[in-house]
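Please keep the structure open while reading.

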Amino acid sequence: MEDDLPSKYEVIVIGTGMTESIVAAAASRIGKRVLHLDRNDYYGGMWASFTFEALQKWLDECRNGKTNDFVKTSSPLVQDTEKSITIGNQFSTVFNIDEKWFIPEKLPSVGNLLSAKNTQTEDSPKESKDGLTETEATLKQNDKLWCQAKIKTMGRKFNLDLAPKLLFSRGTLVELLISSNISRYAEFRCVNRILTWQSNKLETVPCSRADVFATKNVGLIEKRQLMQLLTLCVEYKPESGEFKGFEDKTLKQYLESKSLTENLMHYVLYAIAMSNDTTPCMVGVERTQRFLSSLGRYGNTPFLWPMYGTGELPQCFCRLCAVFGGVYHLKRAADSVIVANNECKAILSDGSRLDCDHLVMGVADAPPEFLGSVPKAGLSRGIFIIDRSISTTDKESLTLLQFPIKGKEPITVIEAGPSTHVCPPGLYLLHMTTKQIDNAVNDLKPAVDALLHSEYADGTTIRINTDTQSTQTSKEGDSSASSGESSILNESLKPQILYALYFNCPETSEYDLSQNVPSNVYLCSGPDLAVDYEFAVKQAKSIFSKMYPDSEFLPRAPDPEELSLEVDEAAGPPFQSSEEPKEE
């Protein structure tokens, strides 16, 4: 088979996940010859963002266990002293897939809607309050109802993330994007609301000093205690001795030693430190410092969200790699790795041998013998299309919620609306992620039951009018409604699940991936449990430093206007008009 690709590279990267893409950009930026392959027709791998149609295609491939056409046989391209090792199958790493619709395939006709409406009330008025006839009012109501066909027609307006994550405003990824000048390839929006779940209700977490003193959920004494504690964490230095004796204890034990109330401990432990009951004290302090240090840089919370979904970020690094000479080929798989003397010599791809000095590959593409005893279990993921926000306000909010589970890792909940270009108007996307214990459905059930309405919607009635804020929130101190009525109202306020997808995938961030690989092969973990990209950046830096220990990691890329073109020939004459100049 003829191949236009050169046969020799300094770095070959297999897979376009986050870590792989950062490494490829860093190598290309210092002038190395890079080839970047991906068997898929999209960027990102397990970090990708999909339209609704593309998500369905991905699910089909996962269910069917898409494999390479390559069969391991002897090849004249492999020398006698070399060994050919077949590449893995990334689609076998996604399991426990459960896809559910909670709405009908099509909406009932107007006649059926009128019939259903008349059976609900004995004496239906012929004209609505706003002057519309019954048929017109029914048609208007029909616009607010959802069906599978209606969502599918809007499928291209979705950007559904396989690995939704946020960026700390002063985190390593933001600093890397700025210092390398890659930030020009992406757009971001501030997360403007952080919630917590306490006493069976959602509460807003005060982030800034102004929020602390404005909130009604924390008493005056508690506010002073909270400000003192946060100031202590920000100004903490190892020589201060503040946490002496708590090095081998949990953050919760330290907070208890400060005689904090249960209410205050909840805010600090679950929302600010983003921890749980078993988090070591010094780990919790580090997380608190990172949270607080990112406040106020771009907004009122510490976090940023990439517009059009998190799948945009790997592509940003791929663009930089291509600008500096990296060669890209999607829809091209690496079939096998050629190894000799514990060193990767080349890969086989589409019948061609491609030699390399270094091979970087995602864990999903790695041969099984490279992985050893890497655990299969890891993350439980849920993607939900819902009809309203989990906590409606006058303006659309981009929301983070750490849903606490006693004795377990919290469930990270991220809600994004149409202004972030991840879903059509009138809908919201809700992402849930937690550590796998059983399967995704059971692991996420506590948060789903608490936050969402998961009964089937038949497409004939609207549960509650979402046009007015007054129907969405109950006033503090309003005791006019009985507890039963309040329970019904709270259930009505929950967002209706229209579509839900659950799946599990591996989480290998805590596993040493260098144990069973040749000396010049580097494996990259997939998405990890953390809410941010700290681990992916750290791993990319580590891999790059092993390959090129004396080179700078992703130096700043010049802007186009800063580039000067070098030409061998002397400059030509200036442009002159064909008209003869007039004599003065």
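Predicted model: local features only at pLDDT ≥ 70, side-chain atom pairs only at ≥ 80, totals over all residues.

Residues are numbered from 1 along each chain as its sequence is written, and side-chain values use heavy atoms, with hydrogens and water left out.

**The sheet**

- An open sheet of mixed pairing is formed by 8 strands in the order S5-S20-S16-S19-S18-S17-S9-S10, where strands are DSSP runs of E with at least two residues, helices are runs of H or I with at least four, and both are numbered from the N terminus.
- Its edge strands are S5 (95–101) and S10 (201–204), each of which pairs on one side only, two strands being paired if DSSP finds at least two bridges between them.
- From one strand to the next, the twist averages 20°, with axes taken as lines fitted to C-alpha atoms (for helices over the stretch in contact) and angles running from 0 to 180 degrees between N-to-C directions.
- Strand S16 (residues 378–386) pairs with strand S19 (residues 428–435) in the antiparallel sense over 8 bridges, and within this pairing Phe 384 has Leu 430 in S19 as its bridge partner.

**Helix H14**

- H14 packs on the sheet, touching S5, S9, S10, S16, S17, S18, S19 and S20, and its direction makes about 130° with that of S19; contact here means heavy atoms within 4.5 Å.
- The helix covers residues 440–451, and its 12 residues reach 16 Å from the first C-alpha to the last, close to the 16 Å expected at 1.5 Å a residue, where the expected span is 1.5 Å times one less than the number of residues.
- Its buried residues are Ala 440, Asp 443, Leu 444, Ala 447, Val 448, Ala 450 and Leu 451; buried means under 20% relative accessible area, exposed over 50% and partly exposed in between, with a 1.4 Å probe and protein chains only.

**Salt bridges**

- The whole structure holds 21 salt bridges, each defined as a side-chain nitrogen of Lys or Arg within 4 Å of a carboxyl oxygen of Asp or Glu.
- One of them joins Arg 353 to Glu 82, with the closest N and O atoms 2.8 Å apart, and this pair links distant parts of the chain, 271 residues apart, from strand S15 (residues 352–362) to the loop between helix H2 (52–64) and strand S4 (83–86).
- Arg 353 is buried at a relative accessible area of 18%, and Glu 82 is buried at 12%.
- Lys 100 and Asp 98 meet at 3.9 Å, N to O; Lys 100 is partly exposed at 31%, and Asp 98 is partly exposed at 25%.
- Arg 388 and Asp 387 form a salt bridge at 3.0 Å, N to O, with Arg 388 buried at 6% relative accessibility and Asp 387 buried at 18%.
- Salt bridges that share partners also join Asp 60, Arg 63 and Glu 99 into one network.

**Phe 52**

- Phe 52 is found in helix H2 and is buried, with a relative accessible area of 3%.
- Leaving aside neighbours within four places in sequence, Phe 52 is in contact with residues including Trp 101, Phe 158, Ile 385 and Tyr 499.
- Although Phe 52 and Thr 153 are 101 residues apart in sequence, their C-alpha atoms are 9.5 Å apart in space.
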